[in-house]
Amino acid sequence: MNNKKLPGIPFVLSGPSGCGKGTIVKELLKKYPDTFALSVSATTRAPRVGEVDGVHYYFITREEFEHRIDDQQILEYTSYCGNYYGTPKKELYERTVSGINVILEIEVEGAMNVRRLCPEAVLIYVLPPDAETLEARLRGRGTNTEEDIANRLATAREEIRCLPDYDYIVINENDGAEAAADEIVNIIASEQHKVSRNLENAIHFFDN
Ligand code: 5GP
């Protein structure tokens, strides 16, 4: 088996808003542009300063989102802090077949749906070093209102209950995105080498 034949892995990155998932994803895409790709979600939330349509999200109206749900174009979706967020089906399946690891940066409800709909996916939970750091990071963004920050902290407290349903945990220390990205690369590499993911290839090893 050479590396080219190893399958691309769809993997979920969840974690409280402000845990630094976005920076970790940037790091992965910068270092490994040929082997990692981001699944771009659709959302009805307004773009933040610097966010680009089609790069960070597909920013669409509520009406368009509901049309895409009815049209079965969305693999999974959720309503988070008053807005829809969802994974377009085409983001996932077109790339894993060509050996690319596809990152789904989604919250816990979506992650549980991915587990059900796509059992080969790996679920990784990213945590900040502590709760104070999380709050400071949310405030430091300067783009969230006080109400939004309170909502996101409350959601984080709720979501942590789902941690046991994940496969791996990665702590994102301050200025630690590069180290966290390296840990994720190691996790994905190990997963790619699992016998269960390569049995078909390995069994035909001696066939001519
Ligand atoms: P934000 O508004 O901070 O960009 O995202 C809010 C939450 O929505 C984050 O926890 C993010 O991971 C989640 N999210 C983003 N895209 C999706 C998606 O396609 N599906 C689901 N279920 N959650 C998503």
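The legends below accompany several close-up views of one predicted model.

Because this is a predicted model, local features need pLDDT of at least 70 and side-chain atom pairs count only at pLDDT 80 or more, while totals for chains, interfaces and linings use all residues. Residues are numbered from 1 along each chain as its sequence is written, and side-chain values use heavy atoms, with hydrogens and water left out.

**View 1. The parallel sheet of five strands.**
An open sheet of 5 strands runs in the order S2-S7-S1-S8-S9, with parallel pairing; helices (H or I, at least four residues) and strands (E, at least two) are DSSP runs numbered from the N terminus, and two strands pair if DSSP finds at least two bridges between them. The edge strands are S2 and S9 (168-171), each of which pairs on one side only, and the twist averages 30° from one strand to the next. Strand S8 is joined to S9 by 4 bridges, with Ile 124 standing opposite Tyr 168 in S9.

**View 2. Strand S1 and its two partners.**
Strand S1 (residues 10-14) has 5 of its 5 residues buried, so it is largely enclosed by the rest of the structure; buried means under 20% relative accessible area, exposed over 50%, and partly exposed in between (1.4 Å probe, protein chains only). In a regular strand the side chains alternate between the two faces of the sheet. Both faces of S1 are covered, with Pro 10, Val 12 and Ser 14 buried on one side and Phe 11 and Leu 13 buried on the other. S1 pairs in the parallel sense with S7 (residues 101-105) over 4 bridges, and also in the parallel sense with S8 (residues 122-127) over 4 bridges. Val 12 stands opposite Leu 104 in S7 and opposite Leu 123 in S8.

**View 3. The largest nonpolar core.**
A nonpolar core is a set of buried Ala, Val, Leu, Ile, Met, Phe, Trp, Tyr and Cys residues joined through side-chain atoms within 4.5 Å. Of the 21 residues in the largest one, Phe 11, Leu 13, Ile 24, Leu 28, Ile 103, Ile 124 and Ile 184 touch the most other members. S1, H1 (21-31), S2 (36-38), S8 and H7 each supply at least two residues of this core, and H7 gives the most, with 7 residues. A second, separate core of 15 residues includes Leu 92, Ile 106, Val 114 and Leu 123.

**View 4. Helix H7 and its buried face.**
The 16 residues of H7 (residues 177-192) should span 22 Å at 1.5 Å a residue, and the end C-alpha atoms are 22 Å apart, which agrees; the expected span is 1.5 Å times one less than the number of residues. Among the buried residues of H7 are Ala 177, Ala 181, Ile 184, Ile 188 and Gln 192. Seen down the axis of H7, the buried residues fall within an arc of 165°, so they line one face of the helix; the arc is that of the directions from the helix axis to the C-beta atoms.

In a second open sheet, 4 strands lie in the order S4-S3-S6-S5, and the pairing is mixed. S4 (58-59) and S5 (74-80) stand at the edges with a single partner strand each, so one side of each is left without a neighbour in the sheet. S5 and S6 pair in the antiparallel sense over 6 bridges, and they form a hairpin with 2 residues between them, where Cys 81 in the turn has a positive phi of about 45°.

How values were computed
Axes are lines fitted to C-alpha atoms, for helices over the stretch in contact, and angles run from 0 to 180 degrees between N-to-C directions.
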